[in-house]
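These are my notebook entries on one protein. I set down what I looked up, entry by entry.

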Amino acid sequence: MTEQATWDPLEAHVSDQEILSSAKKREIKNILKSYVGTYDPMSELIQNAMDAVERRLDQSEAGTYEPKIYIFIDLQENSFEVVDNGVGFRQAEFRAFMAPNISFKGGQKTRGNKGVGATYIAYGFNHLELRTKSPEFSFNGILKDGRKWVDDVQGAVTRPKVHEIGEISEIFESVDRGTSFKIRFGGPGTRPASLKWYGATSPGQWLYLLLLKTPLGHISLPGLGPAKIKFDVIVRSADGVCSRLDDQPAMYKWPHHEIHASRRIADIVKMQIEAAQKGKDPSTAVDKFRGSNGVYEIFNADDLDAMRNLSPEEKLLLKSVNLSAYGYFVYSTSVWDQLNDVKAKLRKSYRVLKGGLHLANNGMVQGDAITIPLTKSTGHQNQAHVVVHFEGADPDLGRKGFQPELRDLAEKVSVYVVGRLAARRDLLKSDSGAKPEIEKLKAVHEWIRDQEAHERENPLVYLMRISSCLLEGSP
């Protein structure tokens with residue numbers, strides 16, 4: 001018998017179901033290996049929810065729909081649930097979306113479209129509850145022992161199936177349509193094994209983590225505004241007590257919002273130019289800004305195109321991904337510790353907001369911070385918080401890495417940004433080594449801001465008040 005001369009290797013005809021099952025398991029195992037971050041499960045659930053509500057928002061008439069996401073962290077049950085009031089699933093989509101490389105996001109601007117995130121959620125853990133409802137279809141189900149099946153090498157664990165359940169989710173019942181996914185953590189191979197690992201027990205603590213480590217921390221450059229999404233954070237403590245924060249904006253925790261007395265370079269430059277035009281000394285025009293805690297700036301693709309060390313290919317790449325960047329430079333790295341310990345109130349020595357280069361794509365930070373590759377003044381690496389954002393870049397399966405040329409470009413940009421910020425260190429307070437008092441700095445900054453606002457709004461009254469004070473204090 002003569003063999004067929006040509007065939008399509010992607011259309012292999014294998015009748016042996018055991019071979020097919022083994023191949024599918026290897027494919028899923030390779031997907032799971034690409035997810036190594038401790039915030040990956042939350043990020044995958046949240047990005048799908050954000051895409052779902054934005055899709056419904058696009059389909060709705062203006063003013064008729066308010067996108068909403070609910071995050072329920074149950075420390076008693078060791079579970080994490082994300083509920084959205086988005087579009088929900090059609091039946092055919094719902095039955096297929098957890099299979100590898102299946103995605104229904106093609107042709108629209110979304111946060112992820114590789115078709116592997118749902119596979120990771122389904123088979124990276126041993127307890128997944130999934131619910132959806134739309135005008136066409138509704139279902140409450142559970143998938144158990146997905147991770148056990150993937151890790152089983154003896155063939156003792158049957159391939160899991162989704163089973164319908166009668167249990168309801170109270171939060172999901174409150175939305176008119178949408179989707180709910182709940183992961184219950186624990187068991188060999190799962191990361192994290194326990195939600196207690198994060199050291200967060202209150203909605204405020206979880207808020208910091210979610211806004212810095214998941215897509216809820218929406219990246220919008222150059223405007224820095226939030227997404228058109230509000231979300232609630234509900235936490236059930238280990239002893240069963242519930243607390244919550246409602247209607248939170250989906251926006252990244254920009255350091256200049258968290259650290260008071262932070263000044264934008266553009267405002268400083270503008271003030272100095274205006275002083276020079278009036279014949280005044282530009283250096284003294286910004287005296288009231290001296291002793292600041294930090295300086296920051298935002299750069300768009302046109303700003304960065306002026307970098308001298310970019311090759312023609314890098315300049316084309318910069319424009320093709322519409323690269324933008326944000327940089328913040330703090331006077332002392334101890335400020336990061338104080339933010340963590342005093343403001344965020346997270347476990348000691350865990351800098352959730354810190355220095356380094358953070359890569360972002362399509363509105364969300366991806367992966368861990370990268371060291372800024374400075375060749376001199378290397379201490380600035382930890383003082384600077386830089387976010388480099390791409391549009392339409394293509395990170396790897398595990399949401400961590402980008403193509404080498406994108407990472408190289410981002411590193412060059414980060415060095416440039418730090419140089420621009422560090423050049424205005426003259427405006428920052430000196431690092432005495434003492435711990436900054438975050439709450440006191442906040443109070444002083446707010447008092448100064450109030451006085452400046454009053455001066456702008458009531459200049460004559462303000463000058464008269466100063467004059468009378470001087471008269472009262474005169475001999």
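Two residues are in contact when heavy atoms of theirs lie within 4.5 Å. With that in hand, I looked at contacts between residues at least 6 apart in sequence, and 72% of them join residues at least 24 apart. I note that the model is a predicted one.

**Entry 1: the whole chain.** I recorded 16 helices and 14 strands. Of the 475 residues, 49% are buried. The protein exposes about 24300 Å², and I noted that carbon and sulfur atoms supply 50% of this area.

**Entry 2: the nonpolar cores.** I asked which residues have the most contacts inside the largest nonpolar core. They are Ile 71, Phe 80, Trp 206, Val 388 and Phe 390, in a core of 117 residues. Helix α14, residues 404–422, gives the most to this core, with eight residues. I also found a second, separate core of seven residues, which includes Tyr 70, Ile 171, Phe 172 and Ile 234. As background, I wrote that nonpolar side chains in soluble globular proteins tend to be buried together.

**Entry 3: strand β1.** Is strand β1 (residues 68–74) enclosed or open? Seven of its seven residues are buried, so the strand is largely enclosed by the rest of the structure.

I looked up the partners of β1 next. Strand β7 (residues 230–236) pairs with β1 in the parallel sense over seven bridges, and Tyr 70 stands opposite Asp 232 there. Strand β2 (residues 79–84) runs antiparallel to β1 and is joined to it by six bridges. Ser 79 in β2 is the bridge partner of Asp 74. Four residues lie between β1 and β2 in this hairpin, and I noted that Asn 78 in the turn has a positive phi of about 60 degrees.

**Entry 4: a six-stranded sheet.** I traced an open sheet with mixed pairing, in the order β9-β10-β11-β14-β12-β13. The edges are β9 (262–264) and β13 (364–365); each has a single partner strand, so one side of each is left without a neighbour in the sheet. Within this sheet I followed β12 (residues 356–361) and β14 (residues 384–390), which pair in the parallel sense over six bridges. Leu 359 stands opposite Val 388 in β14.

I then listed what Phe 390 touches beyond four places in sequence. Among them are Val 321, Leu 323, Leu 359, Phe 402 and Leu 406.

**Entry 5: helix α9 and Gln 272.** Helix α9 lies across β9 and β10 (294–299), and I recorded an angle of about 65 degrees to β9. Gln 272 is in this helix, which spans residues 265–277. Why does Gln 272 count as buried? Its relative accessibility is 17%, and buried means under 20%, so Gln 272 counts as buried. Apart from neighbours within four places in sequence, Gln 272 is in contact with Pro 282, Ser 283, Val 286 and Arg 424.

**Entry 6: helix α2.** I closed with helix α2 (residues 40–59), which has 20 residues. Its first and last C-alpha atoms are 29 Å apart, close to the 28 Å expected at 1.5 Å a residue. Because 14 of its 20 residues are buried, α2 is largely enclosed by the rest of the structure.

How values were computed: Residues numbered from 1 in each chain as written. Predicted model: local features only at pLDDT ≥ 70, side-chain atom pairs only at ≥ 80, totals over all residues. Heavy atoms only, no water. Core = buried A, V, L, I, M, F, W, Y, C linked by side-chain atoms within 4.5 Å. Buried < 20%, exposed > 50% of the residue type's maximum accessible area, 1.4 Å probe, protein only. Helix = DSSP H or I, 4+ residues; strand = E, 2+ residues; numbered from the N terminus. Expected span 1.5 Å × (residues − 1). Areas by Shrake-Rupley, 256 points an atom, 1.4 Å probe, with all protein chains shown as cover. Pairing = 2+ DSSP bridges. Axes fitted to C-alpha atoms, helices over the stretch in contact; angles between N-to-C directions.
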